[in-house]
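Reader: I would like to learn how to read surface features in a model. Could we go through one together?

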Amino acid sequence: MIDRVEHGEEVIISRAGRPVAKVVPLPTTVRRAGRGSLAGRIHRADDWDSAETNEAIARDFGL
């Protein structure tokens, strides 16, 4: 039964023909490579935190 659930199936457990429980797979967790795993892979503009950029973002959100 656990093997079936591990592969995504939901299992209904019955007693005397009446369903009493459902065994469902837990959501998978995200496995991260660790701190700094994106170093060198993300690039940002030199003005990413400038007053002009912040004002433009605020306008986009109606602030």
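Reader: Is R4 buried, partly exposed or exposed?

Author: A note before we start: this is a predicted model. R4 is partly exposed, with a relative accessible area of 43%.

Reader: How many salt bridges does the structure hold?

Author: The general idea comes before the count. Side chains of opposite charge can pair when their charged atoms come close. The structure holds 2 salt bridges.

Reader: Which side chain meets R4 in a salt bridge?

Author: The side chain of E9 does, at 2.6 Å from N to O. E9 is partly exposed too, with a relative accessible area of 34%.

Reader: With which residue does E10 form a salt bridge?

Author: The partner of E10 is K22. Their closest N and O atoms are 3.7 Å apart. That is inside the 4 Å cut-off for a salt bridge.

Reader: Which parts does the pair of E10 and K22 tie together?

Author: E10 lies in the loop between α1 (2-6) and β1 (11-15), and K22 lies in strand β2, so the pair links parts 12 residues apart in sequence. E10 is partly exposed, at 48% relative accessible area.

Reader: Now the nonpolar side. Which residues form a nonpolar patch on the surface?

Author: M1, I13 and V20 form the patch. Together they have about 260 Å² of accessible area.

Reader: Where does V20 lie?

Author: V20 is in strand β2, residues 18-23. Its relative accessible area is 45%, so V20 counts as partly exposed. A patch residue needs over 30%, and V20 passes that cut-off.

How values were computed
Residues numbered from 1 in each chain as written. Predicted model: local features only at pLDDT ≥ 70, side-chain atom pairs only at ≥ 80, totals over all residues. Heavy atoms only, no water. Patch = residues over 30% accessible without salt bridge, like charges linked within 9 Å, V, L, I, M, F, W, Y side chains within 5 Å. Areas by Shrake-Rupley, 256 points an atom, 1.4 Å probe, with all protein chains shown as cover. Helix = DSSP H or I, 4+ residues; strand = E, 2+ residues; numbered from the N terminus. Buried < 20%, exposed > 50% of the residue type's maximum accessible area, 1.4 Å probe, protein only.
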